[in-house]
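Here are my notes from a first look around this structure. Come along and follow each entry as I made it.

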There are 2 protein chains.
Amino acid sequence: LKKDGLLDMTLVVSDRPCAAAGVFTTNLVKAAPVLFDMQQLQGNNTHIRAVTINTKCANACTGEQGLQNAAAMAQATAAAVGCGGDEVLVMSTGVIGAQLNMEKVHHGVGLAGQALGTDWQAAALGIMTTDTWPKLASIEVQTSDGKSYTIAGIAKGAGMIAPNMATMLSVIVTDAIITPTALQDALQAANARSFNRVVVDGDMSTNDTVLLLANGASGVQADSDSFTEALTAVCIKLAQDVVRDGEGVTKFITLTVTGTDSDAAARQIANTIATSPLVKTAFFGGDANWGRIIAAAGRAGVALNPAACKLWIMSGETEALTADALLLFANAMPTAYSEARATDIFRAKSVSIRLLCGTGTGEATIWTCDLSHDYVSINGDYRS
Amino acid sequence: LKKDGLLDMTLVVSDRPCAAAGVFTTNLVKAAPVLFDMQQLQGNNTHIRAVTINTKCANACTGEQGLQNAAAMAQATAAAVGCGGDEVLVMSTGVIGAQLNMEKVHHGVGLAGQALGTDWQAAALGIMTTDTWPKLASIEVQTSDGKSYTIAGIAKGAGMIAPNMATMLSVIVTDAIITPTALQDALQAANARSFNRVVVDGDMSTNDTVLLLANGASGVQADSDSFTEALTAVCIKLAQDVVRDGEGVTKFITLTVTGTDSDAAARQIANTIATSPLVKTAFFGGDANWGRIIAAAGRAGVALNPAACKLWIMSGETEALTADALLLFANAMPTAYSEARATDIFRAKSVSIRLLCGTGTGEATIWTCDLSHDYVSINGDYRS
């Protein structure tokens, strides 16, 4: 599928049946593998054995034939790993509106089935599209009785990244023992605090899927709370890496909005700022043009009183207000800040922004990036 | 205000009092001149004499001092042209968060007051920021009894252009006799069909203002319907020119969405497509990557059934479906279209897109553009 001979087809296989959970794109145009997996998980979330992921073709906007191809990809996987067709989930990423080349898919699934190993790095490489480096995360969770289990995940991102339910593709596995219901609850909670808090370009994919498989091989029963906490840490690492390696990204931005009437309002303001082309190009230029941040907040569609707003910028990656945060805007006007210091902060690789909107208790943090020449180059000619 | 000695301060003056109307940004962060004009028009929409426009400084996010400076700019204008301070409106465009240099403003207003003439082209030049050419439009309206009046306007645009109520700056004048109420109604109707139907980057300005002055000098009473129709034509010309000369724009896109449950739903889908970075970069690259258009439609937040959608592309600027329109997507999958022909259409300077979403009667057309390297360059380093 990839023209350059790079890894393009990935199988994640468990030697024992897995409890399974998934979160999917909320885009109304859902790709065939998303529709296939949603239906598959409704019938079977207790004994999933494999996930197959192809690149270069999203199998989206492909109609009935696309659904048949997704099912055939699952069937080919079942044959390759020796399980039932109802025990396989599939994921696709790449160009929208092209049918899968099923000859290549059958060939690739066969090859991958023979090459199964424990090289998690190769799996992360195999699902990359415009990503420039593989994204992996893992954590070992100690239980109170001295036992442990592991949660490990891979993800791909790069473009079409927007904060609405599941984003991008990710497969996360664990050897903990946990019920499908607890698994789904944990995934939704972790997703809300990780993948749903990143923005690259504000475009929402037709294929976004995060799958979580638990095969119980550790023999350790997971406690829901600590499992969710550990899973969230894995998801945050993967989600942040997706932003760091977003298409053309040169800057990592931690954006925190507080003092709104609700968390939803804070999130709405943060998303509007994070998707503003003018804010994103100012980040790219290292220009502390904070007026664009305030202007974006003002058009977010939620209540905002400029006179109650305060805007700080900080170096590094921080959600909390630091002692040396630079206050740029208060009382509806600029403070007497040092432009040289503002520029210093904005020119760094990591910038944190904190916007206080009033006296409410709502807040939200999202991680985002700049909009660069390379984003335009990558997406101006993606298909060729 | 402009460092390069270009025209930077414009006075539009009527030698007799004007009925006046205005539409303003819906951004909750409103610049001082917007707040000033809204209040001024509440007190006086029957005898306005002048509008003063400065560039390089938006006088936005400038607090109480910003309001005082807007009032002082009006007062200086009144002194220069010999009218009351309550007979002047002001507009500002440029960087957000900087205070006006009032010494330069006083100097500029004085110079402009001495240089008053009938050079409408110079006025259009004087309000430009990142625009590359001046935007003017005019129309002569014949009445049934053989008389005539004129409507003429200037506008500036380039960036921070989003379709939510008034956008950008524009001053439109007429020598027709018309009441302030009829004038305001006509402006709102024309605005809805022109300035509110363009998108450059989806960012909404703090300063968007369109002002319309009628001084009655023709002695001709305007009929509301024909006045509104003529005004709409002037506004459409100005609005489309703002897109054509948008920051870094290389392509002009006419985007029509039909078959939705309501006009608002069609507009929502059209706006989502028009602000999608992935759609805009595909336009820039001349890549007929239509899957991104469908994907953007699917995340617009309104009902959409992909199976009911049809997507056509056409050459040139057309809202209606032409005989040689190329159908790319129907029945939830790609048609067997010629990729070479699709690329030919997408590589042209003007491309028209038509998306049918179902059997509803809702529809909307908006005019938009691509997202290019130059947009990133212009906005990555705007303030310096």
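For the first entry I counted a contact as heavy atoms within 4.5 Å. This is a predicted model, and I began with a helix in chain B.

**Helix α2 of chain B**

I looked up what covers the buried residues of α2(B), and found that the cover includes β11 (333-334) of chain A. Among the buried residues of α2(B) I listed B:G63, B:N69, B:M73 and B:V81.

Next I checked the helix's length. With 19 residues (63-81) at 1.5 Å a residue, α2(B) should span 27 Å, and its end C-alpha atoms lie 28 Å apart, which agrees. Just past α2(B), I saw that B:G82 has a positive phi of about 75 degrees.

**Strand β12 of chain B**

How many residues of strand β12 (residues 350-356) of chain B are buried? I got 6 of the 7, so the strand is largely enclosed by the rest of the structure.

I then looked for its partners. Strand β8 (residues 252-260) of chain B runs parallel to β12(B), joined by 7 bridges; there, B:F252 has B:S350 as its bridge partner. Strand β9 (residues 310-315) of chain B pairs with β12(B) in the antiparallel sense over 6 bridges, and I found B:K310 opposite B:L356.

**Residue B:D225**

Is B:D225 buried or exposed? I noted 62% relative accessibility; exposed means over 50%, so B:D225 counts as exposed. I placed B:D225 in helix α6 (residues 224-244) of chain B. From B:D225 to B:W367 I read 142 residues in sequence and 24 Å in space, C-alpha to C-alpha.

Terms used. Residues are numbered from 1 along each chain as its sequence is written. Chains are lettered from A and ligands numbered from 1 in the order in which they are written. This is a predicted model: local features need pLDDT of at least 70, side-chain atom pairs count only at pLDDT 80 or more; totals for chains, interfaces and linings use all residues. Side-chain values use heavy atoms; hydrogens and water are left out. Helices (H or I, at least four residues) and strands (E, at least two) are DSSP runs, numbered from the N terminus. Buried means under 20% relative accessible area, exposed over 50%, partly exposed in between (1.4 Å probe, protein chains only). Two strands pair if DSSP finds at least two bridges between them. The expected span of a helix is 1.5 Å times one less than its number of residues.
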